[in-house]
Amino acid sequence: MTTENTFTKANKQDAYQHHDYYLMDELLTEEHLLIRNTVRDWVKKEISPIIEDCAQKAAFPHHLIRGLGEAGAFGPQLPAAYGCGGMDYITYGIIMQELERCDSGIRSTASVQGSLVMYPIYKFGSEEQKLKYLPKLATGEMMGCFGLTEPDHGSNPAGMVTNFKDAGDGKHVILNGAKMWISNAPFADIAVVWAKNELGKIKGIVVERGMEGFTTPETHNKWSLRASATGELVFNDVKVPVENILPGVEGLKGPLTCLNSARFGISWGAIGAALDCYDTALRYAKERNQFGKPIAGFQLQQKKLAEMITEITKAQLLTWRLGVLMNEGRATPAQISMAKRNNVAMACSIAREARQMLGGMGITGEYSIMRHMMNLESVITYEGTHDIHLLITGMDVTGENAFS
Ligand code: TGC
Ligand code: FAD
């Protein structure tokens, strides 16, 4: 009995240090914990020391790409047969969490590669396409981006105007149009682009850098996701081989199915950003003295910290359960929307409160909070805005479509 109590106490102490308030680690496997520690250590060693500088300079750290591949961040949830991780969705979530604990932009690069480039090729591609692209994408030898959003069609991608038609030689199609706000676009080797065929049906098509008429101008002056490269995809009569069309899907459900996987990862990633903000604020509050004592001793600051860890814990429970449902193939798109919406809003609000707890220091690059706060403004907008996810839940529970 005594031993058990001592063990429980030690366990709890350890858990608190990792902000695992409800001992959620007990729901993870040895393999999950091992992967988490490996990725966490790698991130601390390779990314944490340089990330603030990258964000200040608005520079994507290209040299990290191979390391991300080695850390298993690109498509860990896809089968090992194609050189991918062969792990479960919870592992994928854990990796996204560890990356976003450092920076949402780095997690973005991995989300796009694994869920929006590799996943559609795996799910909807031909065997030749899978063998051609997946092994290289898994290591980072090749990088990809995902083109759905257009200048005039963001929340409503069904209205897209990017289109392709038969080139007349039986071997190619001609692609025209433009995509906007595309993560990884400025350096990607390939783009999975969603465009309408001559019948107005949406198809996925793999466009490769170097194809004539295809350009990827970078988007500058972002105050958010500064360490991630964002750009446009411009198609001006691009001649694309017919074999680059993904044969396995037609219609908006193609890109939306990929978004399910990416949104799941974001729901875990947002917890990472929230944890880093909470951890920073907690440490600061214990060390910062005002009126003769640590500010952690004032009720107002304790309220903020207590609410933060409560919200983080609720989000952890939500994502763990969602991970189990994903692994069983039972998660619905609406359940994924709920987790993405809840967790990103939770992280935004924690970042805001945590920043205030640091007073003036909170606005500097000495601490990560303001960077997280600015990054999360993109995260709450992309992969479906906060409003769109609410409408998805609204439609799911009422059966009424309030989008249009
Ligand atoms: P709707 O008529 O509802 O659906 C059309 C077809 O799609 C099916 N479907 C889904 N399938 C799989 N997963 C989902 N989540 C699905 N949602 C819908 C649906 O069953 C139907 O299939 P079928 O067989 O009947 O044809 O479509 P809608 O036009 O009314 O739109 C619905 C809405 C608004 C929810 C959807 O358009 C939406 O989610 N809009 C938000 C757009 C968005 O999320 N864009 C993200 C762009 S990518 C990005 O942001 C990457 S950031 C990456 C990073 O840096 O991390
Ligand atoms: P809009 O759709 O114009 O929305 C504007 C406002 O209107 C929002 O508040 C929205 O919630 C609201 N609104 C829209 N429709 C409704 C409605 N029916 N009811 C109520 N309110 C509504 N896209 C990609 O395809 N690939 C990427 O890699 C990618 N990366 C991105 C990276 C960054 C940094 C950013 C900022 C965006 C990225 N996006 C990407 C685009 C992103 O998915 C879109 O910005 C997002 O879907 C919203 O579209 P929009 O910006 O056109 O806003």
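Predicted model: local features only at pLDDT ≥ 70, side-chain atom pairs only at ≥ 80, totals over all residues.
Local features need pLDDT of at least 70 and side-chain atom pairs count only at pLDDT 80 or more, while totals for chains, interfaces and linings use all residues. Residues are numbered from 1 along each chain as its sequence is written, chains are lettered from A and ligands numbered from 1 in the order in which they are written, and side-chain values use heavy atoms, with hydrogens and water left out.

Helices and strands here are DSSP runs numbered from the N terminus (H or I with at least four residues for helices, E with at least two for strands). Helix α7 covers residues 253–287. Buried means under 20% relative accessible area, exposed over 50%, and partly exposed in between, with a 1.4 Å probe and protein chains only.

Two packed helices are described by the angle between their axes and the distance between the axes. Helix α4 (residues 89–102) packs on α7 at an angle of about 40°, with the axes 7 Å apart. That makes α4 oblique to α7. Axes are lines fitted to C-alpha atoms, for helices over the stretch in contact, and angles run from 0 to 180 degrees between N-to-C directions. Angles under 35 degrees count as roughly parallel, over 145 as roughly antiparallel, 65 to 115 as roughly perpendicular and the rest as oblique. Among the residues that meet across this pair are Tyr-89, Tyr-92 and Met-96 in α4 and Phe-264, Trp-268 and Leu-275 in α7, where contact means heavy atoms within 4.5 Å. By class, the contact of α4 with α7 has 12 nonpolar, 6 polar and 3 charged residues. Ala, Val, Leu, Ile, Met, Phe, Trp, Tyr, Cys and Pro count as nonpolar, Asp, Glu, Lys and Arg as charged, and the others, Gly among them, as polar.

Another pair is formed by α5 (residues 104–124) and α10 (residues 369–379), which pack at about 35° with their axes 9 Å apart. Here Ser-104, Gly-105 and Arg-107 in α5 meet Asn-375, Leu-376 and Val-379 in α10. This contact has 2 nonpolar, 3 polar and 1 charged residues.

Further along α5 come two residues worth a look. Ser-111, in α5, counts as buried at 2% relative accessibility. Leaving aside neighbours within four places in sequence, Ser-111 is in contact with Tyr-92, Met-96 and Leu-116. Val-112, also found in α5, is buried at 8% relative accessibility. Beyond four places in sequence, Val-112 touches Val-117, Gly-144, Cys-145, Phe-146, Ser-183 and Asn-184.

Most residues other than glycine have a negative phi. Leu-23, in the loop between α1 (2–17) and α2 (30–57), has a positive phi of about 50° and is partly exposed, with a relative accessible area of 24%. Leu-225, in the loop between β6 (214–215) and β7 (230–241), also has a positive phi of about 50°, but is buried at 4%.
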